[in-house]
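Thanks for asking for a second pair of eyes on this one. My notes follow as numbered points, with the pockets and the domains taken in turn.

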Amino acid sequence: MRTAFIDTLCEMAAQEPRIWLLCADLGYSVLERFADRFPDRYVNVGVAEQNMMGIAAGLAMSGKIVFTYSIVNFPVMRCFEQIRNDVCYHNLNVNIVAVGGGLSYGSLGYTHHGIEDLAVMRVLPNMTVIAPGDPLEAKLATQAIANLSGPCYLRLGKAGEPQVHTREPQFEIGKAIELQSGTDLTLISIGGMLDLTVKAAEKLTMQGYSIEVLSMPTLYPLDEQSILQSAQKTKKIITLEEHGIGGLGSAVAEVLAQSGESVKFKPLRLKREAVKTAGSQTVLRSQQGLDLDGIVQSALAMLQRVY
């Protein structure tokens, strides 16, 4: 996803001189293509994320379209006060791009696990929150947020994520993307869980079930209409996210609770306890029940349960 992001940003920067990119001393082998082409609009602030947000806010107040880039926890947790007070309070055009969402940097341990960011960012005023599901969604999201007024949080994976969409979908901030229509169960995915979600739907379809699959790249503003329409149709919803409490599952639960719809609902997400194991993303997902087998078994339990 990060490759799709930087390639798209370079294309846009060639046409829009107001675009700037700031980083906090990382992104090597990724950001050079921007730095080489637009050296006057690229700033490495060093390991100083709070300063990065202050500089970004100042540039935005000067009419620039600013993108900041870092590994998930560092541009969120380390400088949350600057995001809240400098960026969101003033409704500035600062796009906070975070790579390594979820357990992408699993081998580096808990300090590098981005598993609370969506919950934190979706409560901030004026903040749009986006987590694309594959490189194609990442490209379209990057294009969309450059034209957005106000702050945005763009959560990406790392590198090497498969392209799930077979053709370019219609991407609109605040709208779900339907990959498959169904009547028995709805699977709603955000971020890098999309590939496993589609594969789980394929396995369930082979067992005779009609599965609806929605990619929800925008967490805020949330596409409540698509959620409720699907709920009315399937009466069963499972959300999938590489994140803990407060993310997609919590947001969808709020929508369903307020709607009064009678729906069977289960959020598949990370457990509340800190992940203390260092391992690959695949291994850590499996430990959390977020691998293909875990998703399919959770879906079958809901589909086969007699209420």
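Which helices each supply at least two residues of the lining of the largest pocket? They are α8 (194-206) and α11 (281-287). Helices here are DSSP runs of H or I with at least four residues, strands are runs of E with at least two, and both are numbered from the N terminus.

1. A word on the basis first. This is a predicted model, in which local features need pLDDT of at least 70 and side-chain atom pairs count only at pLDDT 80 or more, while totals for chains, interfaces and linings use all residues. Residues are numbered from 1 along each chain as its sequence is written, and side-chain values use heavy atoms, with hydrogens and water left out.

2. The largest pocket holds about 480 Å³ of space. A pocket is an open set of points on a 1 Å grid over the protein atoms alone, where a 1.4 Å probe fits, with protein on both sides within 12 Å along at least five of seven lines; lining residues have an atom within 4 Å of a point. Grid points are joined across faces, edges and corners, and the volume is the space filled by probe spheres set on them.

3. Around that pocket there are 31 lining residues, and E161, G192, E242, Q281 and R285 lie nearest its centre. Helix α8 gives the most to this lining, with four residues. Sorted by class, the lining has 12 nonpolar, 10 polar and nine charged residues. In this scheme Ala, Val, Leu, Ile, Met, Phe, Trp, Tyr, Cys and Pro are nonpolar, Asp, Glu, Lys and Arg are charged, and the others, Gly among them, are polar.

4. Where does the largest pocket lie? Domain 1 (1-156) and domain 2 (177-303) both contribute lining residues, so the pocket lies between them. The domain bounds come from an automatic or database domain assignment.

5. The second largest pocket has a volume of about 310 Å³. It is lined by 14 residues, with V164, H165, T166, L179 and V198 closest to its centre. Strand β7 (177-180) and helix α8 are the elements that give two or more residues to this lining. Its classes come to six nonpolar, three polar and five charged residues.

6. Now to the domains themselves. The C-alpha centres of domain 1 and domain 2 are 26 Å apart. In domain 1, 25 residues are in contact (heavy atoms within 4.5 Å) with 30 residues of domain 2. Together the domains bury about 2,000 Å², 59% of it on carbon and sulfur atoms; buried area is the accessible area (1.4 Å probe) that two parts lose on being put together, summed over both.

7. How many salt bridges are counted between domain 1 and domain 2? The count is one. A salt bridge here is a side-chain nitrogen of Lys or Arg within 4 Å of a carboxyl oxygen of Asp or Glu. E254 and R122 form a salt bridge, with their closest N and O atoms 3.0 Å apart.

8. Across the whole structure, the search finds nine salt bridges. Among them is the one between the side chains of D7 and R33, at 2.7 Å from N to O. D7 sits in helix α1 (residues 2-15) and R33 in helix α2 (residues 32-37), so this pair ties together parts that are 26 residues apart in sequence.

9. Two backbone details deserve a look. Y220 and P221 are joined by a cis peptide bond, with omega about 0 degrees, and P221 is in the loop between β10 (218-220) and α9 (224-234). D25 is not a glycine, yet it has a positive phi of about 65 degrees; D25 lies in the loop between β1 (19-23) and α2.
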